[in-house]
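Please examine the sequence and the structure shown here. The briefing that follows covers the ligand site and a few individual residues.

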Amino acid sequence: MAGYLSNRGQIEFLRRYGFVVIPGLFPPNLCEITKYTARAELAQLKGAIEFESDLRYLGAPQSRDAPGGNTVRRLLDAYARSEMYRTLAKSTEIRNWVELYFDEHIALSLVHHNCLMTKHPTYGSLTGWHRDVRYWAFERSDLVSVWLALGTETEENGALRFVPGSHVLDLSDKRFDESKFFRDDISENIVLMSTAISPILNLGDAVFFHCNTLHSAGKNLSNDIKFSLVFTYHSVNNAPVPGTRSASKLGVPL
Ligand SMILES: O=C(O)CCC(=O)C(=O)O
């Protein structure tokens with residue numbers, strides 16, 4: 001999708017649909033090395049970690065003592081973890097693109113995403129429909145996340161699904177539950193969700209998506225762990241609201 005487009009064409013695509021796939025953003029060998037780093041950290045349970053049992057989404061172990069209780073969801077604080085992740089987060093490939101999108105200098109949020117996301121077979125849980133902005137507080141809801149695939153991502157192993165154009169829809173609070181997930185018991189919501197598409201990503205491909213885009217992801221039904229590196233960016237002129245979690249760490253100007 002959008003593989004034949006120029007950067008400006010890709011940006012237009014994101015503005016219209018709320019997400020865009022950028023094929024081959026990084027070379028496969030660099031992504032393989034990054035995945036190798038992540039596998040080592042995973043094996044050692046190194047650094048700050050979010051476990052599936054912390055989230056308790058559908059299909060996740062209910063506690064750390066339950067079977068599969070040590071299943072990792074996210075290796076947190078990716079930016080602080082290794083030079084390898086920092087280099088990718090600050091790369092010219094991402095910076096130039098996102099700067100062009102905002103047409104302003106940009107910053108990387110250390111609070112939102114900033115993680116190496118894993119999805120494990122068996123105990124990796126699905127993620128319901130939501131907008132990422134649900135827990136974020138900036139002057140304007142205008143942030144872009146970059147999801148870099150460190151392997152193939154398909155519906156079978158729990159790839160992201162997006163509702164095209166949902167980032168510009170005015171969706172009332174009543175259409176979300178108390179955890180800010182998009183309710184699946186409202187017919188208008190069901191119709192909207194039925195328009196979703198799940199782009200296939202290959203090693204080194206990325207999907208850039210707006211913080212208001214409705215998205216979800218299924219369980220990993222394959223035999224292999226899925227690895228993705230995820231960072232979120234905003235204009236330096238779109239500051240986090242003081243006193244909120246979004247403002248709890250200074251962003252990194254790029
Ligand atoms: O991989 C998943 O389950 C989706 C994660 C997601 O949508 C998120 O962290 O916002």
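**Ligand site and selected residues**

The model is predicted: local features need pLDDT of at least 70, side-chain atom pairs count only at pLDDT 80 or more, and totals for chains, interfaces and linings use all residues. Residues are numbered from 1 along each chain as its sequence is written, and side-chain values use heavy atoms, with hydrogens and water left out.

**Ligand surroundings**

**Ligand contacts and burial**

- Oxygen atoms of the ligand lie 3.0 Å from a polar side-chain atom of His130, 2.8 Å from a side-chain N or O atom of Asp132 and 3.1 Å from a polar side-chain atom of His215.
- The protein buries 96% of the 290 Å² that the ligand exposes when taken alone, with accessible areas from the Shrake-Rupley method and a 1.4 Å probe.

**Arg74 in the shell**

- Arg74 is found in strand β3 and is buried, because its relative accessible area is 17% (buried means under 20%, exposed over 50%, partly exposed in between, with a 1.4 Å probe and protein chains only).
- The Arg74 side chain makes a polar contact with the side chain of Glu50 at 2.4 Å (a pair of N or O atoms within 3.5 Å; within protein, one must be able to donate a hydrogen and the other to accept it, and residues adjacent in sequence count only if both atoms are side-chain atoms).

- Ile94 belongs to helix α6 (residues 92-102) and counts as buried because its relative accessibility is 3%.
- Asp77, in the loop between β3 and α4 (78-81), has a positive phi near 55° although it is a residue other than glycine; Asp77 is partly exposed, at 28% relative accessible area.
- Asp103 lies in the loop between α6 and β4 (106-109) and has a positive phi of about 55° without being a glycine; Asp103 is exposed, at 66% relative accessible area.

Notes
Helices (H or I, at least four residues) and strands (E, at least two) are DSSP runs, numbered from the N terminus.
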